[in-house]
Amino acid sequence: MPRGRTFRTKGIVLHKTKLGEQDIILTFLADDGSQHQAVAKGARKPGGRLAARCDLFCEVDFLLAQGRSLNVVAEASLITSHQVLRTNLEHMSCASCVVEIAQHSSFEDARDSFLFPLLSRVLLAIEQAHTTEQLDLIITAYVFKILAHQGWRAQLDACVVCGDSDVSRFSAAMGGVVCESCASHIEGAELITQTEIKWLDALLHMTFDQILAVQIDKQTVLYLISLAHIWAVTHLDCRLRAFEYYLSV
Ligand SMILES: [Zn+2]
């Protein structure tokens, strides 16, 4: 595109980096599923025109101008601010964890129409959640859904190595459940119960409305979210600091 041209796109703000005294580089997920960066000039000025519209988790209608190296935000109008996600610490930590995963699973120039609506629904679900268990389940479902979409669907019905249906362990590195015999040759294969396997399978298929309505005990949720963390770190092949922080508090 020639310099000086403008174009519109919707985006969800995933990350902000300070640039100089007053500007911010925004990383956002565009509605076509690709990841973009753009400079929001003056967005660090207190009370500045752009500050509130370019905050983390905001869903924004951007008008972008082609810059020398990075595009520049010419206009930004809020579609959804997701205010709750910035005012409640637990919700903020949960949403930070989700946008961190979104950042690691989207790429410049790689369109994927699944990613934006999913992230938008997940951020709304976090706003709608009232309990820690609901927040944990939302993250767990998001991790397993997005990675399944990108080719890392956990195999849950039979041992990934030998196909035996009598399974008792879970190995992120191997891609799902394994039997006791195969597990003895696999490092870090965690014990898993049939109930926990059923929950993982259910979360892959449930809508977020259904997830917000489930009753589940704390212990099971804690185990499921720990598996989601291992699954994400293994298949995104990176450290997830916001996820680590969420699990630590
Ligand atoms: Zn086996």
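Two strands pair if DSSP finds at least two bridges between them. Helices (H or I, at least four residues) and strands (E, at least two) are DSSP runs, numbered from the N terminus. The model shown is predicted: local features need pLDDT of at least 70, side-chain atom pairs count only at pLDDT 80 or more, and totals for chains, interfaces and linings use all residues. Residues are numbered from 1 along each chain as its sequence is written, and side-chain values use heavy atoms, with hydrogens and water left out.

**View A. The barrel of 5 strands.** The strands close in the order β1-β2-β3-β5-β4, with mixed pairing. From one strand to the next, the twist averages 50 degrees. (Axes are lines fitted to C-alpha atoms, for helices over the stretch in contact; angles run from 0 to 180 degrees between N-to-C directions.) Strands β3 (residues 35-40) and β5 (residues 71-80) run parallel, joined by 2 bridges. Here valine 39 stands opposite valine 72 of β5.

**View B. Strand β2 and its two hairpins.** β1 and β2 run antiparallel, with 8 bridges between them. Histidine 15 has threonine 27 in β2 as its bridge partner. Their hairpin leaves 3 residues between the strands, and glycine 20 takes a positive phi near 60 degrees. β2 also runs antiparallel to β3, over 6 bridges. β2 is mostly covered, with 7 of its 8 residues buried (buried means under 20% relative accessible area, exposed over 50%, partly exposed in between; 1.4 Å probe, protein chains only).

**View C. Helices α2 and α3 against the strands.** α2 lies across β1 (6-19), β2 (23-30) and β3. Its direction is at about 115 degrees to β1. Helix α3 (residues 115-128) packs on the sheet and touches β1, β2 and β4 (59-65). The direction of α3 makes about 55 degrees with that of β1. Contact means heavy atoms within 4.5 Å.

**View D. Glutamate 100, buried without a salt bridge.** This residue is found in helix α2 (residues 89-104). The nearest side chain of opposite charge, arginine 241, is 6.5 Å away. (Lys and Arg count as positive, Asp and Glu as negative; His and the chain ends are not counted. A salt bridge is a side-chain nitrogen of Lys or Arg within 4 Å of a carboxyl oxygen of Asp or Glu.) A polar atom of the glutamate 100 side chain lies 2.8 Å from the backbone nitrogen of arginine 241. The glutamate 100 side chain also reaches the backbone nitrogen of phenylalanine 243, at 3.1 Å. Not counting residues up to four places away in sequence, glutamate 100 touches Leu240, Arg241, Ala242 and Phe243.

**View E. Lysine 145, buried without a salt bridge.** Lysine 145 sits in helix α4 (residues 132-149). Aspartate 201, the nearest side chain of opposite charge, is 10 Å away. The lysine 145 side chain reaches the backbone oxygen of leucine 203 at 3.4 Å. One of its polar atoms lies 2.6 Å from the backbone oxygen of methionine 206.

**View F. An open sheet of 3 strands.** The order is β7-β6-β8, and the pairing is antiparallel. β7 (176-178) and β8 (190-191) stand at the edges with a single partner strand each, so one side of each is left without a neighbour in the sheet. Strand β6 (residues 169-171) pairs with β7 over 3 bridges. Arginine 169 stands opposite valine 178 in β7.

Terms used
A polar contact is a pair of N or O atoms within 3.5 Å; within protein, one must be able to donate a hydrogen and the other to accept it, and residues adjacent in sequence count only if both atoms are side-chain atoms.
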